[in-house]
Amino acid sequence: MTEATKPQRRNLALPLAGVRSRPEEAPASPSSAVDTAERHGFDRVPVAASEIERLRQNQTAEPPRRKRGAGRSMPFSVKLAPGTMEYIYEVANSRDIPLAQVIEELVEAHRAAAR
């Protein structure tokens, strides 16, 4: 496994695409924004001029709250074979669940198969 293809957990804290988190980003020109919205089927909704500045001030992106599973308080560090690690990351990313939940489900499946 090369460093370039190392599996990674998706970053859930990235800001939404429509939210400008840096002041140096210039907003799109009003005519192009309206044209784009109409081209994609959105209606024109008038916004009072007094509201525009308030809306711009509230566009600071906040990372989502981190959800932890109930009862998960024990740290666990392990070295895995690259194929195993890739599989665990693939399952976690495709189902958008924590790595710990993937491991817990694998343990439950192993217990059920052993019975």
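Which pattern does the chain follow when read along the sequence? The pattern is α-α-α-α, and the chain has 4 helices and 0 strands. Helices (H or I, at least four residues) and strands (E, at least two) are DSSP runs, numbered from the N terminus.

The model is predicted, so local features need a pLDDT of at least 70 and side-chain atom pairs count only at pLDDT 80 or more, while totals for chains, interfaces and linings use all residues. Residues are numbered from 1 along each chain as its sequence is written, and side-chain values use heavy atoms, with hydrogens and water left out.

Confidence comes next. The pLDDT is the predictor's confidence in each residue, from 0 to 100. The chain averages 75, and 61% of the residues score at least 70. Helix 1 (residues 30-39) has the lowest confidence, with a mean of 67, and helix 4 has the highest, at 93. Over residues 15-19 the pLDDT is below 50, and this stretch has 5 contacts in the model beyond near neighbours in sequence. A contact means heavy atoms within 4.5 Å.

How much of the chain is buried? Buried residues make up 6% of the 115 residues, where buried means under 20% relative accessible area, exposed means over 50%, and partly exposed lies in between (1.4 Å probe, protein chains only). The chain exposes about 10400 Å², of which carbon and sulfur atoms supply 55%. Accessible areas come from the Shrake-Rupley method with a 1.4 Å probe; for residues, only the protein chains shown count as cover. Of the contacts with a separation of 6 or more, 62% are between residues 24 or more positions apart.

In soluble globular proteins, nonpolar side chains tend to be buried together. The largest nonpolar core here has 5 residues: Ile88, Val91, Ala92, Ile97 and Val102. Helix 3 gives the most to this core, with 3 residues. Such a core is a set of buried Ala, Val, Leu, Ile, Met, Phe, Trp, Tyr and Cys residues joined through side-chain atoms within 4.5 Å. Leaving aside neighbours within four places in sequence, Ile97 is in contact with Arg9, Ala92, Val102 and Glu105.

Glu105 also takes part in a salt bridge, in which its side chain meets that of Arg95 (2.7 Å, N to O). Arg95 lies in helix 3 and Glu105 in helix 4, so the pair ties together parts that are 10 residues apart in sequence. A salt bridge is a side-chain nitrogen of Lys or Arg within 4 Å of a carboxyl oxygen of Asp or Glu, and by this rule the count comes to 1. Arg95 is partly exposed at 44% relative accessible area, and Glu105 is partly exposed at 28%.

Asp96 lies in the loop between helix 3 and helix 4. Asp96 has a positive phi of about 55 degrees although it is not a glycine.

Gly83 lies in helix 3 (residues 82-95) and is partly exposed, with a relative accessible area of 46%. Gly83 and Pro7 are 76 residues apart in sequence and 10.0 Å apart in space, C-alpha to C-alpha.

Ile103, in helix 4 (residues 99-114), counts as partly exposed at 35% relative accessibility.
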